[in-house]
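Hello,

Here is the model I promised to pass on. Have a look at it first, and then read on for what turned up in it.

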Amino acid sequence: MNNSKSAHIFCVANQKGGVGKTTTAINLAAALAMSRKKVLLIDLDPQGNATMGSGIDKNTVDQNLYQVLIGEASIAKARVRSEAGKYDVLPANRELSGAEIDLIQMDQREQQLKLAIDQIAHEYDFVLIDCPPTLSLLTLNGLASANGVIVPMQCEYFALEGLSDLVNTIKRVHHNINPQLQLIGLLRVMFDTRVTLQQQVSAQIENHFGDKVYKTIIPRNVRLAEAPSHGLPGVIYDRNSRGAKAYVEFGNELMKQVKKSTLLEQARPPR
Ligand code: ATP
Ligand code: MG
């Protein structure tokens, strides 16, 4: 993980669709901002859900991540402020799907996002990257830029099976492209305590991944699902809801984790 002078850069990733990546990225960004952290949320998904959910109209932004990836704009020029969440957003929209094709022809095609982030990382405490539900060149750019991967997952029957593909990809990126990259934690989301199967799978995840599993569990909560249609992070839309409280707690748990690993790193003698 990074030292305290530069941002902690984390991907929120899971190649399964609809598992709560964007909800986690938006609410974590807002929760960290509530703790006075400087946060940049990068929308790496052409769906643009993290952009819209932060209260930014993806169709009217001047520039977006696409121009950044093809070298036509810097993040400093393309970023937009989420007034709702008090963090910055590097927006995305459908244009970004063209980046896959443009990147293939470029040198260092998996490094373009990292090169752009390097220019502004010192301005932030946290850079969060909301990945699309694929293991594509876009996601690879996210993984090549990050120190850590946060994996939101639902406690369902096939959850563990899908996870091994992601864990293998993280290992490959770690070995070949980005030695900084680590799986920093699994976050159980959309959890319903009344469902026995979910409790069983949750216990299985703890057995299998041990301290890589966050203690905080995000409940299934309708207020979190309603919030994006108001252009607000759930933690702002209804701060007293169970979902909002859980994401604030998760933000606190992550800040503690980061502090602990930074202290460990500083205590280690230089190589
Ligand atoms: P995609 O793979 O399409 O990018 P995703 O992994 O980013 O999806 P989200 O968009 O965050 O997933 O969530 C999928 C749906 O589930 C959304 O409608 C969202 O509002 C809802 N949702 C996410 N988390 C919760 C929760 N804890 N409780 C209730 N609904 C939730
Ligand atoms: Mg998403």
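At 31% relative accessibility, Arg 223 counts as partly exposed (buried means under 20% relative accessible area, exposed over 50%, and partly exposed in between, with a 1.4 Å probe and protein chains only). Its side chain meets that of Asp 238 in a salt bridge, 2.8 Å from N to O; the term stands for a side-chain nitrogen of Lys or Arg within 4 Å of a carboxyl oxygen of Asp or Glu. Arg 223 lies in helix H10 (residues 222-226) and Asp 238 in the loop between H11 and H12, so the pair ties together parts that are 15 residues apart in sequence. Salt bridges with shared partners join Arg 223, Glu 226 and Asp 238 into one network. Asp 238 also touches Ala 244, leaving out residues up to four places away in sequence (contact means heavy atoms within 4.5 Å).

Before going further, some notes on the ground rules. This is a predicted model, in which local features need pLDDT of at least 70 and side-chain atom pairs count only at pLDDT 80 or more, while totals for chains, interfaces and linings use all residues. Residues are numbered from 1 along each chain as its sequence is written, chains are lettered from A and ligands numbered from 1 in the order in which they are written, and side-chain values use heavy atoms, with hydrogens and water left out. Helices (H or I, at least four residues) and strands (E, at least two) are DSSP runs, numbered from the N terminus.

The structure holds seven salt bridges. One of them pairs Glu 206 with Arg 188, with the closest N and O atoms 2.8 Å apart. Because Glu 206 sits in helix H9 (residues 196-209) and Arg 188 in strand E7 (residues 182-191), this pair ties together parts that are 18 residues apart in sequence. Arg 188 is buried, at a relative accessible area of 2%, whereas Glu 206 is partly exposed at 40%. Arg 81 and Asp 88 form another salt bridge, their closest N and O atoms being 3.1 Å apart. Here Arg 81 is partly exposed, with a relative accessible area of 41%, and Asp 88 is buried, with 13%.

The largest nonpolar core has 49 residues, of which Ile 42, Leu 65, Ile 117, Val 127, Ile 129 and Leu 186 touch the most other members. By such a core I mean a set of buried Ala, Val, Leu, Ile, Met, Phe, Trp, Tyr and Cys residues joined through side-chain atoms within 4.5 Å. Helix H8 (residues 159-176) gives the largest share of this core, five residues. Apart from it lies another core, of 32 residues, including Leu 28, Ile 218, Leu 224 and Ala 246. Back in the largest core, Ile 117 touches Ile 9, Ile 42, Ile 75, Val 127, Ile 129 and Ser 145, not counting residues up to four places away in sequence.

Leaving aside neighbours within four places in sequence, Ala 30 is in contact with Gly 85, Tyr 87, Pro 233 and Val 235.

Best wishes
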